[in-house]
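Reader: I am new to this structure. Could you take me through a few parts of it?

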Amino acid sequence: MKELPSDVKLVAVSKFHPAESIEAAYSAGQRVFAESRPQELEAKAGKLASLEGLEWQFIGHLQTNKLKMVLPYASLVQSVDSEHLLLAIDEWAGKNSRKVDVLLELHVAAEQTKQGFSEEDILDIMFRYFDARGGRGKLSNIRICGLMSMATNTDDESVIEADFARVQDFFLYLKDIFPELDEFRELSIGMSSDWPVAVRYGATMVRIGTAIFGDRIHTSSHTAGL
């Protein structure tokens, strides 16, 4: 991924790949890895705990009864897709004296099977839980650091561009409304097939799996395309 701009973080999607593949990528200089299944993250984090500077992120659908498998290890939960989950993370963080960084997952893709909030949902949450003048409101144990989204799964680049443009416009709109939320700066869009388009539309993170690790050992319809 030498073509990636220096100001865009490469998140290596290691789901369904063995710990040995992560160690090889780590040896090549990669430090940020992402998993989509709580049990897999917990197991790999334990096995690779000795690798200094290795950072885990979580990108899959997270059930509230699995928080203890993810939050002790993940530096960022990219895939917060419901208010119920947001509140559960805040409650867990408070009980464990932690601050948890999250991204809100915005749904713009044509596929209805993909998770995420609408723009209206996110605006509602931000206005109810945060003060536009910088107050933290009820969510005192988490930091909403930006947005994550996926484009429509298509070969039509114009559709992908439209999806990413929509996400970028909304991201910038939120930054304007909440200028005091200094941490709201991350835009996680782009995967192996469309990351160059995502970079053109302001991505600060791209989630790359196949282009780094090759075809995964196990696939599912919900996670295809990363």
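**Contacts and packing**

Author: Beyond neighbours within four places in sequence, Gln168 is in contact with Leu187, Tyr201 and Gly202, where contact means heavy atoms within 4.5 Å. This is a predicted model, in which local features need pLDDT of at least 70, side-chain atom pairs count only at pLDDT 80 or more, and totals for chains, interfaces and linings use all residues. Residues are numbered from 1 along each chain as its sequence is written, and side-chain values use heavy atoms, with hydrogens and water left out.

Reader: Where is Gln168 found?

Author: Gln168 belongs to helix 6 (residues 157-177); helices (H or I, at least four residues) and strands (E, at least two) are DSSP runs, numbered from the N terminus.

Reader: And is Ser79 buried or exposed?

Author: Ser79 is buried, at a relative accessible area of 1%. Buried means under 20% relative accessible area, exposed over 50%, and partly exposed in between (1.4 Å probe, protein chains only). Ser79 sits in strand 4 (residues 74-80).

Reader: Which residues does Ser79 touch, not counting residues up to four places away in sequence?

Author: Ser79 touches Phe58, Ile59, Gly60, His61, Leu85, Leu103, Glu105 and Met148.

Reader: Changing topic, at what angle do the axes of helix 4 and helix 5 cross?

Author: The axes of helix 4 (residues 83-95) and helix 5 (residues 119-129) cross at roughly 35 degrees and come within 11 Å. Axes are lines fitted to C-alpha atoms, for helices over the stretch in contact, and angles run from 0 to 180 degrees between N-to-C directions.

Reader: Which residues make the contact?

Author: Helix 4 contributes Glu83, Leu86 and Leu87, and helix 5 contributes Ile125, Arg128 and Tyr129.
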